[in-house]
Amino acid sequence: MTSIATLGSHCALQVLKGAKDEGFTTLLVCEKKRESLYRRFSFIDELIMVDSFSEILTDECQNKLKEKNAVLVPHGTLISQMTSDEIESINVPIFGNKWILRWESDRVMKEKLMLESKLNVPKSVKNPKDIKRLVIAKRHGAAGGKGYFMASSEDEYNRKRDKLISQGLIKDDSDLYLQEYHSGVLAYLQFFYSPITEELEFFGVDKRHESDIEGLGRIPAKEQLDIDEIPSFNVIANSPLVLRESLLEKVYSMGESFVEASKRLVTPGMNGPFCIEGVYDQDANFFSFEFSARIVAGTNIFMEGSPYTALLYDEPMSMGRRIAREVKIAESKNMLEKIVT
Ligand code: AMP
């Protein structure tokens, strides 16, 4: 009998609650410091205690998971705490496509996949000398927006970069990726693609609350000028959005072209949950600056389903539950190898 496992962080509660609702045994790889939190939830059947998540790379931890026939559900914590080589070396079946996680972590590969998907991607700026308009400088990997900054000239960029170097957050220019900044309504579009039914489901939209760029908007411009701190885009929370219905057609076509492009560039393609992240400008054009090739924490808003899953399912359907449902369907059809890597 298959069980569902994940790391104790990010969206573990949603994933394991969903797995339990679908009748699975649930396992949590849990750091000792978080034990008391996760023991509160009766839908978690077993905790595999570790000092740090990197222990998932050990044979001991992987053997425990294999004994339970676990499918491991990857999320943002796995990506941010492990290198792509490490993730790919994990010998336990990983839900979705573990090879695509490298394309999420590496900015250059990420841009390639987004362009192949024909998404409207903000232009990247290769050399700070070419900064002609407002750009955002981002650190590589899932840094959660920490240490990102904006600049409208090479001088301003150099000054802020030097500050980050002095804070030990980056070592040099090569740690930063520059992209034109687009102003508008930020939206994080959540999808699920099933390689079994070959159908794309639009699951919901969220908005991220980022500190302290969000706080800056509450301070009058005169006072802002005196602030020396570089505001960061550190995600603190998420809240739900619904889109104008006239935007939905385009949402589906973006998701579908992402799925098609992934099939071409990274076998077996974008299976399972993913998110296309961007901003709607004043003409409702969507500029996508990011994707996540796995479940995003913004789905935690919709533990009881979203306005969009209510249209697809006659029962509360969270992303965590949808993942477990996919495992269940795949098992019943003897197709488990199609949905894990
Ligand atoms: P990312 O790590 O690419 O998800 O970026 C973190 C945050 O920076 C996003 O959630 C947005 O608030 C902001 N951001 C990133 N890229 C852009 C962009 N090109 N234009 C506007 N805002 C952006």
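## Basis of the description

Because the model is predicted, local features are reported only at pLDDT of at least 70 and side-chain atom pairs only at pLDDT 80 or more, while totals for chains, interfaces and linings use all residues. Residues are numbered from 1 along each chain as its sequence is written, and side-chain values rest on heavy atoms, with hydrogens and water left out.

## Nonpolar cores

A nonpolar core is a set of buried Ala, Val, Leu, Ile, Met, Phe, Trp, Tyr and Cys residues joined through side-chain atoms within 4.5 Å, where buried means under 20% relative accessible area, exposed means over 50% and partly exposed lies in between, using a 1.4 Å probe and protein chains only. The largest such core has 50 residues, and the members that touch the most others are Leu65, Leu189, Phe202, Leu243 and Phe274. Helix H11 (residues 248-265) gives the most to this core, with six residues; helices (H or I, at least four residues) and strands (E, at least two) are DSSP runs numbered from the N terminus.

Contact here means heavy atoms within 4.5 Å. Leaving aside neighbours within four places in sequence, Phe202 has contacts that include Leu189, Phe191, Leu243, Leu248, Val251 and Tyr308. Apart from this core lies another, of 29 residues, among them Ala12, Ile44, Tyr313 and Val340.

## Helix H7

In helix H7 (residues 107-116), the buried residues are Arg107, Lys110, Glu111, Leu113 and Met114. They lie on the same side of H7 because they cover an arc of only 165° around the axis, the arc being that of the directions from the helix axis to the C-beta atoms. The face turned away from this buried side carries the exposed residues Val108 and Lys112. Among the elements that cover the buried residues of H7 are helix H6 (101-105), strand E6 (135-139), strand E8 (176-180) and H11.

At the N-terminal end, Asp106 caps H7, with a side-chain oxygen 2.8 Å from the backbone nitrogen of Val108. H7 is followed by Lys118, whose phi is positive, near 60°.

## Tyr177 in strand E8

Tyr177 is found in strand E8 and, at 11% relative accessibility, counts as buried. Not counting residues up to four places away in sequence, Tyr177 touches Arg107, Glu111, Ser124, Ile136, Ala137, Lys138 and His140. The side chains of Tyr177 and Glu111 are joined by a polar contact of 2.4 Å; a polar contact is a pair of N or O atoms within 3.5 Å, and within protein one must be able to donate a hydrogen and the other to accept it, with residues adjacent in sequence counting only if both atoms are side-chain atoms.

## Strand E12 and its partners

Nine of the nine residues of strand E12 (residues 272-280) are buried, so E12 is largely enclosed by the rest of the structure. Strands pair if DSSP finds at least two bridges between them. Strand E9 (residues 185-194) and E12 pair in the antiparallel sense over nine bridges, and Tyr193 stands opposite Gly272 in E12.

E12 and E13 also pair in the antiparallel sense, over six bridges, with Val279 opposite Phe287 in E13. Their hairpin has five residues between the strands, and Ala284 takes a positive phi near 65° there.

## Around the ligand

The ligand is surrounded by 16 residues, the closest being Lys138, Tyr148, Tyr188, Glu210 and Glu290; a residue is near a molecule or strand if one of its heavy atoms lies within 4 Å of it. A polar side-chain atom of Lys138 lies 2.8 Å from an oxygen atom of the ligand, and a polar side-chain atom of Glu210 lies 2.4 Å from an oxygen atom of the ligand. A polar backbone atom of His182 is 3.0 Å from a nitrogen atom of the ligand.
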